[in-house]
Amino acid sequence: MKNILDFSLTELQQWMKDNGEGAFRAKQVMEWIYKKEIWSFEDMTNLSKSLISKLNNNFYIGIPEVVEVSKSEKDDTQKILLGLKDGNVIEAVLMRYKHGNSICISTQVGCRMGCRFCASTLEGMVRNLTAGEILSQIMIGQKILEDRISNVVLMGSGEPFDNFDNVMKFLLLVNADYGLNIGQRHITLSTCGIVPKIYELADKGMQITLAISLHAFSDEKRREIMPIANKYMIKEILDACRYYIEKTNRRVTFEYSLVKDINDSKEDAKALSQLLKGLLCHVNLIPVNEVKENNFKKSSKKTIEDFANILKNYGVEVTVRREMGSDINAACGQLRRNYIKSQSK
Ligand code: SAH
């Protein structure tokens, strides 16, 4: 049995032909699934009985089970814990904004990048998600919100570039007019900085926003919190970003999680400004979400403001990420981890 959500239109058309059906049936099935949100072949009323039974014998529609929904009391954020067919659980975060709904989705079960402040990576990587599993988080999100999702960020658990092929296929499906039809400019991919993959993405000619988790201005400092910094130097990352900008004309985002006494001093802010000056970019400061497994503490409000002002004064565009859902374990991997621990007791 195959997950039909892993199929592109061309692949499903081929399957139809191979199985004695008209190729046009592929689009009909996809319209039921993606546009009408009908997730049972029996309910697809314009298909013949024999096609329905062929579909049932070969495919399942891999919509995850909603294991838990936690709503923030403070803001319009909900964290959803989703159960996959093989029993693994993943998490996604839904956010309602005035300009539309956003979802933050996972690309792997767990993560093997080992960033020291992050809860997703504490138990390593279990497996990659398939394109359909990545996509289905948005589908179930729309069902829960009873509304369309217009913005997608690949910033949940996992390193998208460590699951490159499936993520590329997901990008094709999410953007397709027969699929969820979400514009490339409304999709952000966040990476800890796997340099060769930045070049590879740039060469795909897509218009998605690239976000780099930088978190430090020097390699030495970065190595203390991100193991990937042992492999790629900041200079190599910035060169790759320049190439991405040149190819796509898109502004790159740098994520910088502020951790008390680690990377939040005025000197850090100045050095970061020097590093990024003149680059078509934008810095997103994230007050670190405190995770109980480590000792990283959030910087004070004043420190965060000062840090942002220094960047601004140097002409670097900056925003401070609103702390959404901090009361519902919305930091990467926290909810999944608490769930797994509660199950194993
Ligand atoms: N692997 C990708 C995407 C997932 S993490 C990446 O590294 O970019 C999404 C963002 O949240 C990254 O910038 C990550 O460094 C950051 N992050 C993870 N845990 C965090 C925490 N506890 N507090 C603040 N930011 C965190």
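Rings of Phe, Tyr and Trp (its six-membered ring) are taken as a pair if their centres lie within 6.5 Å. In this predicted model, the count by that rule comes to six aromatic pairs. One of them joins phenylalanine 7 and phenylalanine 59 edge-to-face, with 5.1 Å from centre to centre and 85° between the planes. This pair links distant parts of the chain, since phenylalanine 7 belongs to the loop between strand S1 (2-3) and helix H1 (9-18), whereas phenylalanine 59 is in strand S2, 52 residues apart. Phenylalanine 7 is buried at a relative accessible area of 13%, and phenylalanine 59 is likewise buried, at 2%. Ring pairs also bring Trp15 into a cluster with Phe7 and Phe59.

The rings of tyrosine 199 and tyrosine 243 have centres 5.0 Å apart and planes at 45°, so this pair counts as tilted. Because tyrosine 199 lies in helix H6 and tyrosine 243 in helix H8, the pair ties together parts that are 44 residues apart in sequence. Tyrosine 199 is partly exposed, at 29%, and tyrosine 243 is partly exposed as well, at 22%.

Turning to the ligand, Ser190, Ser213, His215, Ser257 and Asn289 come nearest among the 18 residues around it. The shell around the ligand divides into eight nonpolar, eight polar and two charged residues. A polar side-chain atom of serine 257 is 2.9 Å from a ligand nitrogen atom, and the protein buries 94% of the 530 Å² that the ligand exposes when taken alone. Strand S10 (187-191) and strand S12 (252-258) are the elements that each give two or more residues to this shell.

Definitions and conventions: Residues are numbered from 1 along each chain as its sequence is written. This is a predicted model: local features need pLDDT of at least 70, side-chain atom pairs count only at pLDDT 80 or more; totals for chains, interfaces and linings use all residues. Side-chain values use heavy atoms; hydrogens and water are left out. A residue is near a molecule or strand if one of its heavy atoms lies within 4 Å of it. A polar contact is a pair of N or O atoms within 3.5 Å; within protein, one must be able to donate a hydrogen and the other to accept it, and residues adjacent in sequence count only if both atoms are side-chain atoms. Accessible areas come from the Shrake-Rupley method with a 1.4 Å probe; for residues, only the protein chains shown count as cover. Helices (H or I, at least four residues) and strands (E, at least two) are DSSP runs, numbered from the N terminus. Ala, Val, Leu, Ile, Met, Phe, Trp, Tyr, Cys and Pro count as nonpolar, Asp, Glu, Lys and Arg as charged, and the others, Gly among them, as polar. Rings of Phe, Tyr and Trp (its six-membered ring) pair if their centres lie within 6.5 Å; planes under 30 degrees apart count as stacked, over 60 as edge-to-face and the rest as tilted. Buried means under 20% relative accessible area, exposed over 50%, partly exposed in between (1.4 Å probe, protein chains only).
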